[in-house]
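Thanks for coming. I will take a few minutes to walk through one structure, so please have the sequence and the view open.

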Amino acid sequence: MSKRRLIDIGMVILVPMLMAYSMIGETLHEFLGIIMFVLFICHHLVNRKWFRSLGYGKWNAVRRLSTIIDLTMLVLMVIMMVSAITISKHVFSFLNIGGAAVGRVLHLVGANWLFVLMSVHLGLHVNSMTGSLRLQGKRKLSRIPGIVFIVIAFYGFYAMIKRGLLSYLFFIKMFASFDLSEPAVFFILDHFAIMVMFAVVGFYINRVLVKISEGKPYITYKAGSDDPGSGSDGGKTMKADKRKIIIAILGILIIAAGLIWGVPYIRRHFVTVKIDSNVVKTDRTANLSGKTLIIQFTRVGNSDFDDDVDAVSSASLMLNEEGKLVGNAQLLAEEARAYSGGDLYAIRVKNLYPSSYSETVSVAGKELRNGFFPELNTDIPFPDINKYDRVILVFPLWWGTVPKAVEGFLAMEDFSGKDVFLILTHGGGGAGSVPKDLPRMIKNGRLDDNILLVYDDEVDESGEKVYEWLKSLE
């Protein structure tokens, strides 16, 4: 098997694995991403003649489409690598170059579009691949894999809907969400099926465009007086086609950039998530024995917010009916207090975090890398944990783990003989490394495996989920 085929096979295997992200672990994801980038470079080095041939040869609809897709993938891969460095928590974290907020959006959107375009790219070139496998001309033998791929493609369409891929492609969801209770192999196989589906789409697009182009003269660019490309008219046509391709790629990038920066801006400044405080006032209670303490940490009360701060769920903020800011974890903690009849304590830092969400992300990243615990506000008396039978912690996932303010608070407390339960909000990272990191922070206590994960965009509709979770603790 040629080096070219080995490189291609390696990339096909890596793509669905990389899509699993949190399910395979962040460290492994980053290393596999580096391998993918290296294979991508090797792929272009092996096919370097393609770049030199752009000004020559026959230009039909298939070649134009393929060239636009190829060049777009090249740009996306560069964006992917740059954004990966900005959001890296392991391999490149020492660079500390910032830009994580924008980098995260670029990486998510770029990854999903690159996934689709690479799959279509495979379909456009499937004839050359099957030719190398010597299946062409053996109709019965060649039909078998064709039927298999069609069946997989139908399942891939179902998997695409189930996994919500379209919501990522068209900027409906700006954070990736994972069900970490699901085996990673199922997620990877589903994305392999989605790859096959888009490859099949690319294959049939190829066939349709070839049929459309049949009987039409090609525009040929070659050196020589008899070739159309060598004359003045041919040269003009060649330049015109190049300009069309460049304009198409620039148009795609401009539209993508507008959506990447425009959609979050609109969401942050024009779309507010409003809640009714009555959702936490209810007669329903979970019959938990003994006394319950709910400890919450959220941006509200720990940030110096500007007057015009954004209030959307993706920024961990909402507005109540009185126009006051409510934090995601704050709402969940108040729901837990209302349904359990427990006491509520809010962790407060002495030096407030910035108003800007992206700046807070940057500060939290520095705290994590430097092992720095922010000083807590001791004007608010700490609760006497010995008086309680159980403790429920409610906080957001910060950089894939426990916020340093929460860790600092836990370090000053003794949870001897206490069962500790967790309600965790996240923007797509699931539980991150919290189930592994939190137990060592709970001195002499035990973290229960029954963790309630709430996606940021669903916090304002989480009352029933919190109630049912508390009922499961009875």
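I will go through a strand, a helix, a surface patch, some aromatic rings and the salt bridges.

First, the ground rules. This is a predicted model, in which local features need pLDDT of at least 70 and side-chain atom pairs count only at pLDDT 80 or more, while totals for chains, interfaces and linings use all residues. Residues are numbered from 1 along each chain as its sequence is written, and side-chain values use heavy atoms, with hydrogens and water left out.

Let us start with strand β3, residues 292-296. Helices (H or I, at least four residues) and strands (E, at least two) are DSSP runs, numbered from the N terminus. Five of the five residues in β3 are buried; buried means under 20% relative accessible area, exposed over 50%, and partly exposed in between, with a 1.4 Å probe and protein chains only. Thr292, Ile294 and Gln296 point one way from the strand, and Leu293 and Ile295 point the other way.

What does β3 pair with over five bridges? The partner is strand β7, residues 390-396, in the parallel sense. Two strands pair if DSSP finds at least two bridges between them. Within β7, leucine 393 is the bridge partner of isoleucine 295. β3 also runs parallel to strand β6, residues 343-346, joined by four bridges, and there leucine 293 has aspartate 343 as its bridge partner.

Next, helix α11, residues 328-340. The expected span of a helix is 1.5 Å times one less than its number of residues. For the 13 residues of α11 that gives 18 Å, and the end C-alpha atoms are 18 Å apart, so the two agree. Eleven of the 13 residues are buried, among them Leu331, Leu332 and Tyr339. After α11 comes glycine 341, with a positive phi near 70°.

Now the aromatic rings. Rings of Phe, Tyr and Trp (its six-membered ring) pair if their centres lie within 6.5 Å; planes under 30 degrees apart count as stacked, over 60 as edge-to-face and the rest as tilted. By this rule there are ten aromatic pairs. One of them is tyrosine 345 with phenylalanine 409, stacked at 5.6 Å centre to centre with 25° between the planes. This pair links distant parts of the chain, since tyrosine 345 sits in β6 and phenylalanine 409 in helix α13, residues 404-411, 64 residues apart. Both residues, tyrosine 345 and phenylalanine 409, are buried. Elsewhere, ring pairs link Phe297, Tyr353 and Trp398 into a cluster.

Last, the salt bridges. How many does a search of the whole structure find? The count is eight, where a salt bridge is a side-chain nitrogen of Lys or Arg within 4 Å of a carboxyl oxygen of Asp or Glu.

Lysine 404 and glutamate 407 form one, at 3.0 Å from N to O. They are about one helical turn apart, because three residues separate their positions in α13. Lysine 404 is buried at 8% relative accessible area, and glutamate 407 is buried at 12%.

Arginine 446 meets aspartate 419 at 3.1 Å and aspartate 448 at 3.2 Å. Arginine 446 is partly exposed at 41% relative accessibility, as is aspartate 419 at 31%, whereas aspartate 448 is buried at 16%. Lys162, Arg163 and Asp190 are linked in a network of salt bridges. Finally, the surface patch: Phe157, Ile161, Leu166 and Phe170 form a nonpolar one, built from residues with over 30% relative accessible area and no salt bridge, nonpolar side chains (Val, Leu, Ile, Met, Phe, Trp, Tyr) being joined within 5 Å and like charges within 9 Å.

Methods:
Accessible areas come from the Shrake-Rupley method with a 1.4 Å probe; for residues, only the protein chains shown count as cover.
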